[in-house]
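Me: I'm new to this one, and I'd like to learn how to read the place where two parts of a chain meet. Can you walk me through it?

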Amino acid sequence: MKVKNLRIRQIFSTTSQKTIEVELEIVKGIVKSSVPMGTSVGKHEACCLPVEKAIKNLHLIKREFLAKEFSTQEEVDSLLHGLDGTRNFSKLGGNLALALSSAFLKGFALDSDKEVFEFLSKKPSIPKPICNVVGGWKGQSDIQEYLLLPTVQKSFFESVERISSAYHEIGKYLREFDKNFNFGKNIESAWVTTLNHERILEIITQIATQKFLRLGLDLAASQLFDGKNYVYADGRKLPSLEQLNFVSGLVEKYPIDYIEDPFEEDDFISFSKLRARLEEKLVAADDLVATNLNRLKIGIVQKAINAIIIKPNQVGTISDVIEFVREAKRNNITTIVSHRSGETEDTLICHLATGLGCDFIKLGISGERTTKINEMIRIEEKLAS
Ligand code: PGA
Ligand code: ZN
């Protein structure tokens, strides 16, 4: 595949921050790729450079891509790693790397007259949704995300239908029981409430049970950790063993099947203890592993996790994502491709989750988040035809 032209522009994310979009022109047409951004960015993630620097970098390396014929994704991605030369894309920018890498993926797909998910696999499969329905953010609520997920899935559409109806009912309950609630949403378009976690869990449990849904929590515990304790708004300061008891207590009391980042991003040992205690549940790493293959291997050896979050911009290239998913699958780790708090209209993650046959896709359920939900519906329809 020969690149006719490569352009870059600044656009805005759903959190109204500047991010980059790359346009790749090939003989068959033009593809666009933009990059999401995190709010609780883990320290093990690939480096995200300011957009102005990323744009400058593209102009410096552009001719490397215009001069050559590319036949595989690996060629593109090893060129990116070679040009950068660092462990975490600190020179080129993980954001620029992903914009280019994913633009090439889309280019290869277009060149072979396929959708990206079809190009990635001969045997694509639809993931189940895990959706953020209630949440707070730094200081508003101790638990970052309250999630809903189906146990069995007739179709992606049907799962989303159940989750969205639960989301609306939760809104009604919050309006009734939280005097401060007036259908306010956070940056992932989940409801924001001032109720405490026990009350939120009671409400969600009641609604989820009627709809045959299960609960998930993303504690994003690095955000709670002060270096010694997990600090909660109600004054509790829990050392890691007490945090372990707190989390497993919640799992015993409520129908929770999924726990993400219950401990800070370097504490593999506490993850292992929780995983041993909650054998039947999904203990997932986001900040702990940060889509980094070496950290995934540590997690596997230490039996710290049985589920893993995959965020392409945490690592920077499509080849790295593919290798990461393969390693997780080889070790029976449940795979969850995830959006970020700052998104764009790019639906790459829907194609990755389906094309790579991942178990789940983690998304928001309302507002701008429906861009991804709706792309999943189109993919499902195409797969069924
Ligand atoms: P982030 O948050 O995209 O800001 O990292 C989402 C998450 O922690 O899962
Ligand atoms: Zn997370």
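Me: Into which domains is the protein chain divided?

Reply: Keep in mind that this is a predicted model. The chain splits into domain 1, covering 3-114, and domain 2, covering 128-384. Their centres, taken over C-alpha atoms, are separated by 27 Å.

Me: How much area do domain 1 and domain 2 bury between them?

Reply: The general idea: the size of an interface is often given as the accessible area lost when the parts come together. Here, domain 1 and domain 2 bury about 2600 Å² between them, with 53% of it on carbon and sulfur atoms. On the domain 1 side, T14, S40 and H44 supply 25% of the area buried against domain 2, more than any other three residues.

Me: And how many residues are in contact?

Reply: 33 residues of domain 1 are in contact with 31 residues of domain 2.

Me: How many salt bridges are there between domain 1 and domain 2?

Reply: The count is 3. Take a look at K43 and D266, which form a salt bridge with their closest N and O atoms 2.6 Å apart. For polar contacts, the count between the two domains is 19 residue pairs.

Me: Which elements supply the side of domain 1 that touches domain 2?

Reply: β3 (29-34), α2 (73-84) and α3 (94-111) each give at least two residues to that side. The largest share, 7 residues, comes from α3.

Me: How do the residues on that side divide into nonpolar, polar and charged?

Reply: On the side of domain 1 that touches domain 2, you'll find 11 nonpolar, 16 polar and 6 charged residues.

Notes:
Residues numbered from 1 in each chain as written. Chains lettered and ligands numbered in written order. Predicted model: local features only at pLDDT ≥ 70, side-chain atom pairs only at ≥ 80, totals over all residues. Heavy atoms only, no water. Domains from an automatic or database assignment. Contact = heavy atoms within 4.5 Å. Buried area = accessible area lost by both parts, 1.4 Å probe. Salt bridge = Lys/Arg side-chain N within 4 Å of Asp/Glu carboxyl O. Polar contact = N/O pair within 3.5 Å; in protein donor to acceptor, adjacent residues only side chain to side chain. Helix = DSSP H or I, 4+ residues; strand = E, 2+ residues; numbered from the N terminus. Nonpolar A, V, L, I, M, F, W, Y, C, P; charged D, E, K, R; others polar.
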